[in-house]
Amino acid sequence: MGIREFPSGAPRGKSIAVGMRRSPDVSPRRLSDISPQLRQLKYLVVDEAIKEDLKWSRSVEDLTSGPVGLTSIEERILRITGYYGYQPWAASCKREERPRDSPGPAEAQAPAGVETGGRASRRCWTCSRAQLKKIFWGVAVVLCVCSSWAGSTQLAKLTFRKFDAPFTLTWFATNWNFLFFPLYYVGHVCKSTEKQSVKQRYRECCRFFGDNGLTLKVFFTKAAPFGVLWTLTNYLYLHAIKKINTTDVSVLFCCNKAFVFLLSWIVLRDRFMGVRIVAAILAIAGIVMMTYADGFHSHSVIGIALVVASASMSALYKVLFKLLLGSAKFGEAALFLSILGVFNILFITCIPIILYFTKVEYWSSFDDIPWGNLCGFSVLLLTFNIVLNFGIAVTYPTLMSLGIVLSVPVNAVIDHYTSQIVFNGVRVIAIIIIGLGFLLLLLPEEWDVWLIKLLTRLKVRKKEEPAEGAADLSSGPQSKNRRARPSFAR
């Protein structure tokens, strides 16, 4: 844009002719370069028609478009003086403007638009397919977690009718953990492009324990405590199944999520969240109401105490794992669980033998052992742990946790037809409260920020709708006026 300069004594009120031309190749100027124009600003008077053309041609669009707009004083002065070689919108928005002075024919513009729309639709279709695939796998994982957890619980209840040995059942099922790393290696060979030998993969996964790998000291200091916690968690859970029904056991074990939060808040100094404190309170209230549902009988109180202790051991296992070992990859987690199986075989085997000879857990002959139930329970528990540890590779972690909650109604339906459970009002309310607390614990840490953003967007949309309606009503006369004026950009 060029400005015809007048002498300092030029009378005010006299219009000046303004010639516009674009100079995109010229580099931006500083304020010191346009000081003569700044001194003449007070003598410049622009015709009203030119003002309107400026308003409708570039200024309004450039000021309103873009994330930041023209905010600095230098940019505004450069615009007032008519220097359009300086284009801040080109750097901020980084988009191509459609040339207004020489619009191309429709045949030249259509292919680009079609190509862009095709790419966008193809990208959206790819994203939707990926999301649908992840949701599909999530549904499959939820069903697998629910069925394996509920099936193992019911099968354990059925096993105790013929084989009253919860610790022996725990020991037998934990031995199957040895299969974790071999199964992982089979999956690695089938999926990975760079196949490694068993020894190479083992050494790479052993780096999880430190630079020296899995030494005897590391085995007893970092693996053995978790083996004890694993055995206690499963034994207390199975022993509780002997005392109370499977519905109460499964719903009370859901409280381990609340215990994990409380221990993480205290030990790991995790972020404080009010909604999770409410969930922990709901879990504790549900435990009390579940105890009250059977009238505080000693049999049910012991069973509930065993389940709560099992949930506490599970929470302690998870928090200590994060504190001492951190996060593990799939191969490292598989190796760690296999090591727990080795620890169980080497150091826990003596306990079932002692219980057998002391007749605490005694069976007359090995032919009376229901091997089908024992193997079925072990396979279901192994499947549950595999899906729970490795299902995150194909779906969202929240969906996997939903499978544990869904096992509660499944157990309730089975108990309704196979046992004499009474679903009174107190028990139903306790189940609902604990389930609600579990669902609240599944909320992400930034859920409040997302909720505020969602509400803000809804408010903005409601405000924009009447504004758009008013703009549509007033667009008729304005468009006519613009058509009546000569095009300033030409």
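Author: The second largest pocket has a volume of about 710 Å³. A pocket here is an open set of points on a 1 Å grid over the protein atoms alone, where a 1.4 Å probe fits, with protein on both sides within 12 Å along at least five of seven lines. The model is predicted, and totals for linings use all residues, whereas local features need pLDDT of at least 70 and side-chain atom pairs count only at pLDDT 80 or more. Residues are numbered from 1 along each chain, and side-chain values use heavy atoms, without hydrogens and water.

Reader: Which residues lie nearest the centre of the second largest pocket?

Author: They are Tyr 184, Lys 191, Phe 330, Phe 390 and Ala 393, out of 24 lining residues (those with an atom within 4 Å of a point). Helix H7 (180–191) is among the elements that give two or more residues to this lining, and H7 supplies the largest share, six residues.

Reader: How is the packing of two helices described?

Author: Two packed helices are described by the angle and the distance between their axes. Here, the axes of H6 (residues 166–174) and H14 (residues 330–348) come within 9 Å and cross at roughly 135 degrees. Phe 167, Trp 171 and Thr 174 of H6 make the contact (heavy atoms within 4.5 Å) with Gly 341, Asn 344 and Ile 348 of H14.

Reader: What is the volume of the largest pocket?

Author: The largest pocket has about 1900 Å³, and 48 residues line it.

Technical notes: Axes fitted to C-alpha atoms, helices over the stretch in contact; angles between N-to-C directions. Helix = DSSP H or I, 4+ residues; strand = E, 2+ residues; numbered from the N terminus. Points joined across faces, edges and corners; volume = space filled by probe spheres on them.
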